[in-house]
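Me: I would like to go through a model together, one part at a time. Could you take my questions as they come?

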Amino acid sequence: MSDTELDAGLFEEPEDFRPPPPESHFDEYERLNNKGTIRLKLVGKSPLWGHLLWNAGKYTANYLDEHAEELVKGKKVLELGAAGALPSLVCGVNGASKVISTDYPDPDLMSHIQYNIDHCEGFPEGTVVKAQGYIWGNDVNALCYDDKEEGDLPTEVKEEDKFDLIILSDLVFNHTEHLKLLKTCRDSLKSTGVGLVVFSPHRPHLLENDLEFFETCEQFDFKAEKIACVNWKPMFEEDEATAEIRSRVYCFKIHPQWK
């Protein structure tokens, strides 16, 4: 055996050396008032937590279903950090004019969002729902002008081309990303629009850091309005001493203060 053949065999990994990535799985969301079921394909595992259907996502979907006439119907909607994209799909079936469902541009995450869009039934004629990779804090022109090629994007976003509703479901636990999230909202939301921010405290000892998001929003000319705080069953059975905090689902709106 030559040295070359020996080296090649020495550094080859057996086929079963690395375990395969977790397979995709499905979850179902039952819409309120017997409106039907939305089936979601979720990634098998994600460091970005996109492999779970969180309480905040379900609460957001419920809220959008209940307030569709006010917030969704005929509106242009952006979802940040969509994961399985449940709120985006609920906006679609409730007749939004356009929904741009975004998450970190990881191919696995984005392919699952696209699958859920392609397999969701009930989008009215004329409603457009799209998946798009996006990193928080970056330029928003491609989000607002999703129908244009990169070379044709305008240098500035016109007010009428911005979004009426921006959804942030279970994102504020990313404390280092608050400024980037708010910059994206400031750059892409109409002055007459609203941001819907829903979250659960996954790390109870850092709840104050979660809530700092709503103080920081003032730096970007937003006013926070607390809509509700409800208690649902915690996602995980952990320390009983923190169960009440982990069971909370907070819902806020952030309102533009500029004209």
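Reply: What follows is a conversation about this predicted model, beginning with the whole chain and then turning to single elements and residues.

Me: What does the secondary structure come to?
Reply: The protein has 10 helices and 9 strands. Of its 259 residues, 48% are buried.

Me: And what share of the contacts with a separation of 6 or more is between residues 24 or more positions apart?
Reply: Such pairs account for 67% of those contacts.

Me: Let us look at the strands. How many residues of β6 are buried?
Reply: In β6, 7 of its 7 residues are buried, and the strand is thus mostly covered. Strand β6 comprises residues 163-169.

Me: Which strands pair with it, and in what sense?
Reply: Strand β3, residues 76-80, runs parallel to β6 and is joined to it by 4 bridges. Within that pairing, Glu 79 has Ile 167 of β6 as its bridge partner. Strand β7 also runs parallel to β6, with 6 bridges between them.

Me: Which residues face each other between β6 and β7?
Reply: Phe 163 stands opposite Leu 189 in β7. Another pair is Leu 165 with its bridge partner Val 194 in β7.

Me: What handedness does the β-α-β unit of β6, α7 and β7 have?
Reply: The unit is right-handed, with helix α7 spanning residues 178-188.

Me: Is β7 mostly covered or mostly open?
Reply: Strand β7, residues 189-199, is mostly covered, with 10 of its 11 residues buried. Strand β7 also pairs with β9, residues 248-256, in the antiparallel sense over 5 bridges. In that pairing, Leu 196 stands opposite Lys 253 in β9.

Me: Now a helix. How does the reach of α5 compare with the expected value?
Reply: Helix α5 has 12 residues and reaches 16 Å from its first C-alpha to its last, close to the 16 Å expected at 1.5 Å a residue.

Me: Which of its residues are buried?
Reply: In α5, the buried residues are Leu 109, Met 110, His 112, Ile 113, Asn 116 and Ile 117. These residues lie on the same side of α5, because they cover an arc of only 160 degrees around the axis.

Me: What is on the other side, and what covers the buried one?
Reply: On the other side of α5, Pro 107 and Asp 118 are exposed. The cover over the buried residues includes β2 (37-42), α4 (86-93), β4 (98-103) and β5.

Me: Where does Thr 127 sit?
Reply: Thr 127 is in the loop between α5 (107-118) and β5 (128-133).

Me: Why does it count as buried?
Reply: Thr 127 counts as buried because its relative accessibility is 15%, and the cut-off for that class is under 20%.

Me: What does its side chain reach?
Reply: The side chain of Thr 127 reaches the backbone oxygen of Ala 96 at 2.8 Å. Not counting residues up to four places away in sequence, Thr 127 touches Gly 92, Gly 95, Ala 96 and Ser 97.

Me: A change of topic: which helix holds Asn 141, and what does that residue contact?
Reply: Asn 141 is found in helix α6, residues 141-144. Leaving aside neighbours within four places in sequence, Asn 141 is in contact with Leu 153, Pro 154, Thr 155, Glu 156 and Val 157. With a relative accessibility of 7%, Asn 141 counts as buried.

Me: Finally, the backbone. Which residues should I look at for phi?
Reply: Asn 34 has phi near 55 degrees, a positive value in a residue other than glycine. Asp 170 has phi near 60 degrees, and that value too is positive in a residue other than glycine.

Me: Why look at those?
Reply: Because most residues other than glycine have a negative phi.

Me: Where are the two residues, and are they buried or exposed?
Reply: Asn 34 is in the loop between β1 (25-30) and β2. At 81% relative accessibility, Asn 34 counts as exposed. Asp 170 is in the loop between β6 and α7. At 8% relative accessibility, Asp 170 counts as buried.

Conventions
Residues numbered from 1 in each chain as written. Predicted model: local features only at pLDDT ≥ 70, side-chain atom pairs only at ≥ 80, totals over all residues. Heavy atoms only, no water. Buried < 20%, exposed > 50% of the residue type's maximum accessible area, 1.4 Å probe, protein only. Polar contact = N/O pair within 3.5 Å; in protein donor to acceptor, adjacent residues only side chain to side chain. Contact = heavy atoms within 4.5 Å. Pairing = 2+ DSSP bridges. Right-handed = clockwise from strand over helix to strand, strands pointing away. Expected span 1.5 Å × (residues − 1). Arc of directions from axis to C-beta.
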